[in-house]
Amino acid sequence: MDTTIKLYRYNYRTLKTYLFAAFFIVGNIIFPQLAHSIPNGGLIFLPIYFFTLIGAYKYGLTVGLLTAVFSPLLNSWIFGMPPVGMLPIIITKSVLLAIGAAYVASKSQKVSFLGLLLVILFYQLTGLLFEWLYTSSLILAYQDLRMGFPGLLLQWLGGFALLKFIQKL
């Protein structure tokens, strides 16, 4: 099921870039706080990535990268989650997600289940390799796939639904 979507590509000199990035950063602050109210909710739902996916797909790489970098930094600074030691891994995965989402959106010019699945597989598998190299632990690196499967489904299905909902905006 594919849906054509109106896509935007803002650069760093455009005020809209920062307004949209701020909106998605706020989403990436609120959603993790809700998820962390459930035991292991952050590990299960992977909430820090959701609005990065939406922002990068709909509004381009610049919005995606700003969201990817500043969401984890602000969450860590304000709430202590993610822990500072995890920031390199989470920011790397977020940046990979932003790159993948912006690339697939620009090439396909539509929202599709397969396209979003490819984005999620790209950032998760590439991020897994980075985390494995960074931590020297395949078990830790595999955690997002093992425990975070509900979150990955939420990104895939919820991301599709939200992008479809905002397709004309």
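**Note on the aromatic pairs**

1. At a relative accessibility of 26%, phenylalanine 113 is classed as partly exposed; the cut-off for buried is under 20%. Phenylalanine 160, by contrast, has a relative accessible area of 5% and is therefore buried. The model under discussion is a predicted one.

2. Aromatic pairs in this model number 15. One of them joins phenylalanine 24 and tyrosine 59, whose rings lie 5.8 Å apart, centre to centre, with 40° between the planes. This arrangement is tilted.

3. Phenylalanine 24 belongs to helix H1 (residues 15-35) and tyrosine 59 to helix H3 (residues 50-59). The pair therefore ties together parts of the chain that are 35 residues apart in sequence. Phenylalanine 24 and tyrosine 59 are both buried.

4. Phenylalanine 113 and phenylalanine 160 make up a further aromatic pair, this one stacked. Their ring centres are separated by 4.1 Å, and the angle between the planes is 25°. Phenylalanine 113 is in helix H6 (residues 113-135), whereas phenylalanine 160 is in helix H9 (residues 149-165). The two residues are 47 residues apart, and their pair links distant parts of the chain.

5. Phe24 and Tyr59 also belong to a cluster linked by ring pairs.

Key: Residues are numbered from 1 along each chain as its sequence is written. This is a predicted model: local features need pLDDT of at least 70, side-chain atom pairs count only at pLDDT 80 or more; totals for chains, interfaces and linings use all residues. Side-chain values use heavy atoms; hydrogens and water are left out. Rings of Phe, Tyr and Trp (its six-membered ring) pair if their centres lie within 6.5 Å; planes under 30 degrees apart count as stacked, over 60 as edge-to-face and the rest as tilted. Helices (H or I, at least four residues) and strands (E, at least two) are DSSP runs, numbered from the N terminus. Buried means under 20% relative accessible area, exposed over 50%, partly exposed in between (1.4 Å probe, protein chains only).
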